[in-house]
Amino acid sequence: MSETDGAGGVREVKSAARTVDLLELLAARGDRPARLQELADELHVPRSSMYALLQTLIGRGWVRTDITGSLYGIGIRALLTGTSYLDSDPRVRAVRPYLDEASEALGETIHLARLDGMDVAYLATRESHEYLRTISRVGRRLPAHAGALGKALLAERPDSDLPEGPYEALTPRTHTTRDSLAADLAAVRARGYAVDREEGVPGIIGLGFALRTDTPAEDAISCSVPVARLTPEHERRIVEVMGAIRAKIEATSPGTAGSPIWR
């Protein structure tokens, strides 16, 4: 049985927390499977306890193992649960047609993402016919300080919320200090949208627009373009189209009447 803590909440259930930590660790490793001892060491769990937990999750489909039983990775149940999250979110459903509209108008890659702590999680993508990625970004995360989507959302919040740093550098252009990022966010507020010039991915420029359907905004849309194809005229066109798409989304955002208010 759970016990309340001094803050008036509920004390963390240790076994549940350990399970979530394991699944998040396996998910973060992507295509790099882990060995039992690696997982036990990383999560500071006895080897025998980790083995029992892994076998339970394998039986439920949340973890998979290779034919030798020595390598572990995230299981298919994680995909099914993530898909359910997207399918059940009324805002994702409402925004999808506007992503199609932006993609058709600009011919570039369009994203929808949501802030998750100091990361952004990609919820929907419309790929450019000119620049196809080999792996979809949906369900993936990127540090908020390193891209247009994240900076558009961080700019909706006070700079006092920013961590002290230093921040992870994904490219030589990534902001790695709090002062540098704060100066950029001030420019985002003045401009009305964020610009990422090869800060998250070399060779790619992104323009991000916060969707002010919450206060502060939780979701943002962006347009990503290869550097070689972004002329000043094309950038102005992107700003115009994406600004209009943002206005349409904000004007037609689904209400919350009769729906849960998630936190």
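**Figure 1. Asp116 and its salt bridge to Arg141 in the predicted model.** In this predicted model, Asp116 counts as partly exposed because its relative accessibility is 39%. Asp116 forms a salt bridge with Arg141, and the closest N and O atoms of the two side chains are 2.4 Å apart. Asp116 lies in strand S4 whereas Arg141 lies in strand S6, so the pair ties together parts of the chain that are 25 residues apart in sequence. Arg141 also counts as partly exposed, with a relative accessibility of 48%.

**Figure 2. The salt bridge between Arg114 and Asp89.** The structure as a whole contains 18 salt bridges, and one of them is formed by the side chains of Arg114 and Asp89, with an N to O distance of 2.7 Å. This pair links distant parts of the chain, for Arg114 sits in strand S4 (residues 109-116) while Asp89 sits in the loop between H4 and helix H5 (90-106), 25 residues apart. Both Arg114 and Asp89 are buried.

Figure 3. Within helix H8 (residues 232-251), Arg236 and Glu233 are three residues apart, so about one helical turn separates them. The two residues form a salt bridge in which the closest N and O atoms are 3.8 Å apart. Arg236 counts as exposed, because its relative accessibility is 53%.

**Figure 4. Arg157 and its contacts.** Arg157 is placed in the loop between helix H6 (148-154) and helix H7 (178-191). Its relative accessible area is 12%, so Arg157 is buried. Leaving aside residues up to four places away in sequence, Arg157 touches Leu115, Arg189, Pro216, Ala217 and Glu218.

Figure 5. Most residues other than glycine have a negative phi, and most peptide bonds are trans.

Figure 6. With a relative accessible area of 64%, Glu164 is exposed. Although Glu164 and Thr177 are 13 residues apart in sequence, their C-alpha atoms are 7.7 Å apart in space.

Figure 7. His44 is not a glycine, yet its phi is positive, at about 55°. His44 lies in the loop between helix H2 (36-43) and helix H3 (47-60), where it is exposed, with a relative accessible area of 70%. Glu198, also not a glycine, has a positive phi of about 60°. Glu198 lies in the loop between strand S7 (194-197) and S8, and it counts as partly exposed because its relative accessibility is 22%.

**Figure 8. The largest cavity and its lining.** A search of the whole structure finds two cavities of 30 Å³ or more, and the largest cavity has a volume of about 140 Å³. The lining of the largest cavity is made up of 21 residues, and those that lie nearest its centre are Tyr122, Arg137, Ala148, Asp196 and Ser224. At least two residues of this lining come from each of strand S5 (119-126), strand S6 (141-143), H6, strand S8 (204-211) and strand S9 (219-226).

**Figure 9. A nonpolar patch on the surface.** Ile76, Leu79 and Leu80 form a nonpolar patch on the surface, and together they have about 310 Å² of accessible area. Ile76 belongs to helix H4 (residues 76-88). Ile76 counts as exposed, because its relative accessibility is 56%.

Terms used. Residues numbered from 1 in each chain as written. Predicted model: local features only at pLDDT ≥ 70, side-chain atom pairs only at ≥ 80, totals over all residues. Heavy atoms only, no water. Patch = residues over 30% accessible without salt bridge, like charges linked within 9 Å, V, L, I, M, F, W, Y side chains within 5 Å. Areas by Shrake-Rupley, 256 points an atom, 1.4 Å probe, with all protein chains shown as cover. Salt bridge = Lys/Arg side-chain N within 4 Å of Asp/Glu carboxyl O. Helix = DSSP H or I, 4+ residues; strand = E, 2+ residues; numbered from the N terminus. Buried < 20%, exposed > 50% of the residue type's maximum accessible area, 1.4 Å probe, protein only. Contact = heavy atoms within 4.5 Å. 1 Å grid on protein atoms, 1.4 Å probe; cavity = no way out; pocket = protein on both sides within 12 Å on 5 of 7 lines; lining within 4 Å. Points joined across faces, edges and corners; volume = space filled by probe spheres on them.
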